[in-house]
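Dear colleague,

Please find the structure below, handed over for your records. A summary of the findings follows it.

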Amino acid sequence: MSLPPFASSEAFTLGVELELQIVSRHDYDLTPGSDDLLRLVQRHKMAADVKPEITSSMIELSTGVCRGYGQVMAELREVRDVLVDCAQQQNLRLCGGGTHPFQDWSRRRIYDTPRYRQVSELYGYLSKQFTVFGQHVHIGCPSADQALWLLHALQRYIPHAIALSASSPYVQGSDTGFQSARLNSVFAFPLSGRAPWALTWEEFSTYFAKMHRTGVVESMKDFYWDIRPKPEYGTIEVRVMDTPLTIEKAAAIAAYLQCVARRLVLQEPFQPREDDYLAYTYNRFQACRFGLDGEVVDSRSAERQSIRAQIAQTLKEIEPHAEDLQAEPALALLRDMLGRDDGADAAWLRAVQAHEKYLPEVVRRQCVRFEGRAI
């Protein structure tokens, strides 16, 4: 399969994908309910789409092409309400969060599609351990070269996206000490991490052709990069976020990335260069481990700054773009998050567990938040 041509799309349009946990109302463990849920959901006409994921205890929803925050919120709210109602009919519940706090990966079932069977045969037990839950944000780009420029310019904001969405402190019943432990599972895949350095589609096509010739990759789906181009959509796809606990926060993070992308393209505050990646893995780790309290290094100046302070500064820089895009409520939500001790989802999850000392109750409370009954 060759690399498809890059389809031009309207600049800065958005698409949002959320992977959700399907849990039993009995014990709040993951349960293989995606088939039954999909059958019910297919009876509803919505702007958003719902489809299976790699294991049958997951489901993915995706918006259509959206102009901005308001449309993203409307589509997420519509599909969320349909999913919650369908889940209730099946005695199931749904929630966000990057990992399920206590599920046993060995009990998961690979969803029966040719693509997922192929992934399972190739990656073995890693496929079941990939029962983790992320948010992906697509940003529209009118040209392939602009898409690659934006991909590399956005790399310095990857710690922001990780820290703002971090919601996976627990794995297999244990506190990992991480704010986002989910990305450790993703990083186990050989074609993960950062995209290769290429600022033109010609350069990228040459790289893809070499990789394809080796037999290592067949399509762009084989790359699990933190940000990757999606030529068939005319977008770049930011993939590092945990699924937030609420659709409000998911929409706000998408709007943040949209506003940052607009500032980068229209103002060009800097030109990306390959040395920008010198501290990339370190900064990524800091965001996963410490969230908003992580410390990142500027590869150009060697200066260190907290992620919380960087996000606060960025929120000021993108205010004019948020106004033009009518995304001010999204930025207000994120500012409020920065100022609260339990504003980050990982902190909230730990606070609930510290009070309840019972992880199934933590998951029940996650479900309540996702359903919109407690934000």
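S165 is found in helix α6, which covers residues 158-165. Please note that the model is a predicted one. With a relative accessible area of 1%, S165 falls under the 20% limit and is therefore buried. Its contacts, leaving aside neighbours within four places in sequence, are M241, D242 and I253. For D242 there is also a polar pairing: a polar atom of the S165 side chain lies 3.1 Å from the backbone nitrogen of D242.

How are α6 and α10 oriented to each other? Two packed helices are described by the angle between their axes and the distance between the axes. For α6 and helix α10 (residues 280-290), the angle is about 15° and the axes are 8 Å apart. Angles under 35 degrees count as roughly parallel, and α6 and α10 are therefore placed in that class. The crossing of α6 past α10 is right-handed. On the α6 side, the residues involved are I158, P159, I162 and A163; in α10 they meet Y280, N283, R284, A287 and C288.

**Nonpolar cores**

The largest nonpolar core holds 101 residues, and those touching the most other members are V50, L83, I139, L150, L154, I236 and L264. Helix α9 (residues 247-267) supplies the largest share of this core, with 14 residues. As for L154, when residues up to four places away in sequence are not counted, L154 touches I139, I227, I236, V238, V260 and L264. There is also a second, separate core of 9 residues, with I54, M58, V363 and C367 among them.

**Backbone angles in two loops**

Most residues other than glycine have a negative phi. A302, which is not a glycine, has a positive phi near 65°. A302 is placed in the loop between β12 (295-297) and β13 (304-306). Is A302 buried or exposed? The relative accessibility of A302 is 56%, which is over 50%, so A302 counts as exposed.

K357 likewise is not a glycine, and its phi is positive, at about 55°. K357 belongs to the loop between α14 (345-356) and α15 (359-370). At a relative accessibility of 64%, K357 is over the 50% limit and therefore counts as exposed.

Yours sincerely

How values were computed
Residues are numbered from 1 along each chain as its sequence is written. This is a predicted model: local features need pLDDT of at least 70, side-chain atom pairs count only at pLDDT 80 or more; totals for chains, interfaces and linings use all residues. Side-chain values use heavy atoms; hydrogens and water are left out. Helices (H or I, at least four residues) and strands (E, at least two) are DSSP runs, numbered from the N terminus. Buried means under 20% relative accessible area, exposed over 50%, partly exposed in between (1.4 Å probe, protein chains only). A polar contact is a pair of N or O atoms within 3.5 Å; within protein, one must be able to donate a hydrogen and the other to accept it, and residues adjacent in sequence count only if both atoms are side-chain atoms. Contact means heavy atoms within 4.5 Å. A nonpolar core is a set of buried Ala, Val, Leu, Ile, Met, Phe, Trp, Tyr and Cys residues joined through side-chain atoms within 4.5 Å. Axes are lines fitted to C-alpha atoms, for helices over the stretch in contact, and angles run from 0 to 180 degrees between N-to-C directions. Angles under 35 degrees count as roughly parallel, over 145 as roughly antiparallel, 65 to 115 as roughly perpendicular and the rest as oblique. A crossing is left-handed if the near helix is turned anticlockwise from the far one by less than a right angle, and right-handed if clockwise.
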